[in-house]
Amino acid sequence: MAQTRSHPGHAAASLRRRLLSWILLPLAGLIGINAWVGYGNAVQAANEAYDRSLYLAARTLAEELEWRDGRVQLDVMKAAGYLFENHTGSRLFYKVTTPGGQWLAGVAALPDVPVRTQSAVKYFALVQFDDGVYQNLPVRLAQLTHVMEDTALGDPLIKITVAETMEARQQLIQHILWDTLGSQGLLLLAAALLVVWGVQRGIRPLEAFRQQLAQKADDDFSPIQLPDLPRELRPLIETLNSYLDRLGRLIDIRKRFLDNAAHQLRTPLTALKTQLALAQRNAEPQQAQALMAAARQTTDDAVRLTEQLLAMTRVEHAREMHSPHTVNLVALARQVTQEHLMRAHQCGDDLGLEVQVAQCEVQGVDLLLHEALSNLIDNAIHHGPKGTHITVRVGEGWLEVEDDGPGIAPQHQAHVFERFYRAAPSGVSGSGLGLAIVKEIASQHGALLEVRSPVKAGRGTALRITWALA
């Protein structure tokens with residue numbers, strides 16, 4: 001099956017580009033909406049101003065109307081002078097009719113404003129505005145209802161309709177449009193420059209962090225310190241520093257394991273090689289058998305040392321591999337004691353269990369506590385003479401292994417928990433890792449490991465793990 005591979009050309013966008021797109025695109029949209037709303041408000045204000053001017057034109061016409069010689073007459077010179085002075089750039093037309101539609105004066109073909117059921121009162125007069133078409137040109141209409149007294153008409157109300165072509169309005173609207181677009185464009189440009197500048201300054205700590213991380217040596221796992229770090233980046237840096245600490249600890253554990261394995265396994269492997277070579281060259285059967293027995297013992301010691309080295313490494317990795325939970329020490333002690341009964345019997349030892357409480361629960365990792373108790377029992381079996389009595393005890397918040405062997409000399413008791421420290425006589429094999437493993441497990445569980453020797457009658461050793469129970 002073919003596999004797709006990532007290509008450098010399809011790399012994810014940079015943080016700078018993402019920030020700019022997340023900020024500038026919505027900002028451009030908001031500025032566009034603001035420009036559209038501002039333009040609409042400006043056009044409405046311009047129409048309001050022109051509608052007021054159109055109303056004043058109708059009001060002027062109404063004031064110049066009079067009834068003479070049986071008809072409505074208009075002083076055209078006064079009215080036209082005002083209209084032409086105040087409406088440069090557009091053309092005005094007017095019409096005077098009765099409420100019933102009878103033409104009285106002006107342009108008869110001028111369209112009327114549609115009658116509305118509810119008429120709004122504007123400018124303290126009854127006036128209505130609407131859009132219309134006259135001579136194929138769009139016009140703005142204003143229709144004023146005016147009371148004309150001293151007329152022969154049955155109804156004193158007359159309607160004055162004034163129409164204005166849209167040239168001046170369109171010029172003003174275009175001017176407003178370009179001004180709005182220009183001002184909003186300059187605002188968008190200024191905002192973009194400020195955003196770019198702000199993003200550049202905002203990601204500067206990330207660049208400093210990248211440079212500091214790139215300059216670290218391969219074996220440098222020290223925390224990264226940035227004095228001017230923004231508050232939002234602190235969790236990221238703290239998480240990375242925690243990862244560096246864990247990585248450094250794991251690498252250190254592996255280095256120690258390799259160093260210890262290389263140092264500790266060299267001796268038994270060299271001895272094994274020598275014993276096998278001597279057995280091969282020796283022709284006497286008894287000596288050859290003795291050398292083979294010694295080689296088997298050396299092999300067993302090497303295997304036991306390797307197992308303990310691996311156990312120590314697993315214990316040191318336990319913080320990253322296991323989560324603590326409730327462990328019943330009574331059940332754990334019964335299980336581990338049962339597992340070692342056969343070996344103790346084969347070695348001629350007496351292994352027993354003494355439970356002083358019905359149940360004792362602590363927070364910990366059962367696999368590690370199993371390893372610790374197994375090492376304590378194994379230590380008692382391995383270093384005690386044949387016929388040693390070994391007792392596993394469980395009390396309120398503590399776990400203990402006691403034997404009646406020769407005990408540990410006072411000068412050795414302060415060092416028995418150190419790695420590769422051997423307090424046993426020269427004739428007894430051992431790696432010096434068993435109690436160090438127990439010490440590490442106890443430390444990880446917040447417990448205290450203590451040694452008492454002698455126990456009674458100048459003999460015996462007791463090793464106890466004690467938890468600080470609330």
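**Reading the chain, feature by feature**

A: Start with the contacts of the whole chain. This is a predicted model. Among contacts with a separation of 6 or more, 65% join residues 24 or more positions apart.

Q: How many helices and strands are in the chain?

A: The chain has 11 helices and 15 strands.

Q: What percentage of the residues count as buried?

A: The figure is 37% of the 470 residues. The accessible surface of the chain is about 28400 Å². Carbon and sulfur atoms hold 56% of that surface.

Q: How do I read a helix? Which residues of H11 are buried?

A: An α-helix has 3.6 residues a turn, so residues three or four places apart point the same way. Now take H11, residues 434-444. This helix is mostly covered, with 8 of its 11 residues buried. The buried ones are Gly 434, Leu 435, Ala 436, Ile 437, Val 438, Glu 440, Ile 441 and Ala 442.

Q: What comes just after H11?

A: Look at Gly 446 there; its phi is positive, about 70 degrees.

Q: Now the surface. Is Ile 33 buried or exposed?

A: Ile 33 lies in helix H1, which covers residues 15-64. Its relative accessible area is 52%, so Ile 33 counts as exposed, the cut-off being over 50%. Ile 33 also belongs to a nonpolar surface patch, together with Leu 30, Trp 36 and Val 37.

Q: How do I read a strand pair? In which sense do E3 and E4 pair?

A: First, the general idea. In a regular strand the side chains alternate between the two faces of the sheet. Here, E3 (residues 92-97) and E4 (residues 103-106) pair in the antiparallel sense, over 3 bridges. Thr 97 stands opposite Trp 103 of E4.

Q: Which residue in the hairpin of E3 and E4 takes a positive phi?

A: Gly 101 does, with a phi near 100 degrees. The hairpin has 5 residues between the strands.

Q: Where is Glu 400 found, and why does Glu 400 count as buried?

A: Glu 400 sits in strand E13, residues 398-403. Glu 400 counts as buried because its relative accessibility is 2%, and the cut-off is under 20%.

Q: With which side chain does that of Glu 400 make a polar contact?

A: The partner is the side chain of Arg 464, at 3.1 Å. Leaving aside neighbours within four places in sequence, the contacts of Glu 400 include Thr 391, Val 392, Arg 393 and Arg 452. Ala 462, Leu 463 and Arg 464 are also in contact with Glu 400.

Conventions
Residues are numbered from 1 along each chain as its sequence is written. This is a predicted model: local features need pLDDT of at least 70, side-chain atom pairs count only at pLDDT 80 or more; totals for chains, interfaces and linings use all residues. Side-chain values use heavy atoms; hydrogens and water are left out. Buried means under 20% relative accessible area, exposed over 50%, partly exposed in between (1.4 Å probe, protein chains only). Helices (H or I, at least four residues) and strands (E, at least two) are DSSP runs, numbered from the N terminus. Contact means heavy atoms within 4.5 Å. Accessible areas come from the Shrake-Rupley method with a 1.4 Å probe; for residues, only the protein chains shown count as cover. Patches are made of residues with over 30% relative accessible area and no salt bridge: like charges are joined within 9 Å, nonpolar side chains (Val, Leu, Ile, Met, Phe, Trp, Tyr) within 5 Å. A salt bridge is a side-chain nitrogen of Lys or Arg within 4 Å of a carboxyl oxygen of Asp or Glu. Two strands pair if DSSP finds at least two bridges between them. A polar contact is a pair of N or O atoms within 3.5 Å; within protein, one must be able to donate a hydrogen and the other to accept it, and residues adjacent in sequence count only if both atoms are side-chain atoms.
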